[in-house]
Amino acid sequence: MTTSMPARMLRLLSLLQSRREWPGTELAERLGVTGRTVRRDIGRLRELGYPVDATTGTAGGYRLASGRNLPPLLLDDDEAVAVAVGLRTAAEGSVSGIEETSVRALAKLEQVLPARLRAQVAAVGEATVAVRPRRGPLVDPAVLAVLARACRDHELVGFGHRGREGAVTERRVEPHSLVTLHSRWYLLAFDPGREDWRTFRVDRLDRPATTHRRFTPRELPGGDAAAFLARSLPAAPYPHTALVTLEAPAEEVAARLHTPVPGPLEPADEHRCTVRLGADSLDLVAQSVGVLAALGTGITVEASERVRERLRIAGLPGSGTA
């Protein structure tokens, strides 16, 4: 972009990028200007290549639409560093087909990064050690894009859901958020047909698509998507489970636990806590036990013979029976 952009227009563009649709009066209030000034700035953004659509309604508004060409994307310093670090680690994730694309995008981004930001990105890369767990099932990035847009825009989404036994049921849900845990992607959503919140593994969804019907978002129980997922996964009837007791208070374990495990910490007494694990595969249970064992607090594991055998093969602690 050869034309310098005033700070107010940068703020306007940032607002348009952060939400699907903005009433003109709210934009004017946020920017501290008149509606006429907003309309003039919108016109300048269009001249610079940003496809800003006017929306109809009682108040009228604006939204940043998808255009045929990608206009300049403006990032502040923190956003630029976050994007660069994310691209560097994308190849280690569980999204299929984006490794080469991520490298190309990173090369373009680093070419235009100011020297001070390149130094920050390099420092993060040099100080980061990748822990590579067993890879989970790969998911199509296009599927994640559909679900992410539905979460952002509060649009009902429909899909076929394949259960553990292979049966497929049709669902139409109110998506809330996407969460990744142990190389698996999960969709948290409210299912009106069952009148309750549900957790869906994204790799088990068939042809998810938005219905273009909006809904009023509900408040997620507890408010935290990652914590909700950690609570809900062990409660499901998994074929492989384990009860792990750690020789340390729950608060101490929580402070030292930097990798999430699929189960909440429950105090056993003032000196010990427990975690109930559940998963579809023996490897995932063993992986979670390994994360907890690495804390060095001392642990005991109560599990079935199949789980205990898998723990023995992995050289992990495990005793007792489920």
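## Close-up views of a predicted model

View 1. Helices (H or I, at least four residues) and strands (E, at least two) are DSSP runs, numbered from the N terminus. This is a predicted model, in which local features need pLDDT of at least 70 and side-chain atom pairs count only at pLDDT 80 or more, while totals for chains, interfaces and linings use all residues. Residues are numbered from 1 along each chain as its sequence is written, and side-chain values use heavy atoms, with hydrogens and water left out.

Which residues of α2 (residues 24–31) are buried? They are Gly 24, Leu 27, Ala 28 and Leu 31. Looking down the axis of α2, these buried residues fall within an arc of 100 degrees, so they line one face of the helix; the arc is that of the directions from the helix axis to the C-beta atoms. An α-helix has 3.6 residues a turn, so residues three or four places apart point the same way. The cover over the buried residues of α2 includes α1 (7–18), β1 (22–23), α3 (35–47) and β3 (61–64), where contact means heavy atoms within 4.5 Å. After α2 comes Gly 32, with a positive phi near 70 degrees.

**View 2. Helix α1 packs against helix α2.** The two helices, α1 and α2, pack at an angle of about 135 degrees, and their axes are 11 Å apart. Axes are lines fitted to C-alpha atoms, for helices over the stretch in contact, and angles run from 0 to 180 degrees between N-to-C directions. α1 and α2 are therefore oblique to each other; angles under 35 degrees count as roughly parallel, over 145 as roughly antiparallel, 65 to 115 as roughly perpendicular and the rest as oblique. From α1, Arg 8, Arg 11, Leu 12, Leu 15 and Leu 16 meet Leu 27, Arg 30 and Leu 31 of α2.

View 3. In strand β4 (residues 155–162), 7 of the 8 residues are buried, so β4 is largely enclosed by the rest of the structure. Two strands pair if DSSP finds at least two bridges between them. β4 and β5 form a hairpin with 5 residues between them, and Gly 166 in the turn has a positive phi of about 95 degrees.

**View 4. His 154 and Arg 207 have positive phi values.** Most residues other than glycine have a negative phi. His 154, with phi near 55 degrees, lies in the loop between α7 (141–153) and β4. Arg 207, with phi of about 50 degrees, lies in strand β8. Is each one exposed or partly exposed? His 154 is partly exposed, at 28% relative accessible area, whereas Arg 207 is exposed, at 65%.

**View 5. An open sheet has 4 strands.** The strand order is β10-β11-β9-β12, with antiparallel pairing. β10 (265–267) and β12 (299–303) stand at the edges with a single partner strand each, so one side of each lacks a neighbour in the sheet. From one strand to the next, the twist averages 25 degrees.

Note on methods
Buried means under 20% relative accessible area, exposed over 50%, partly exposed in between (1.4 Å probe, protein chains only).
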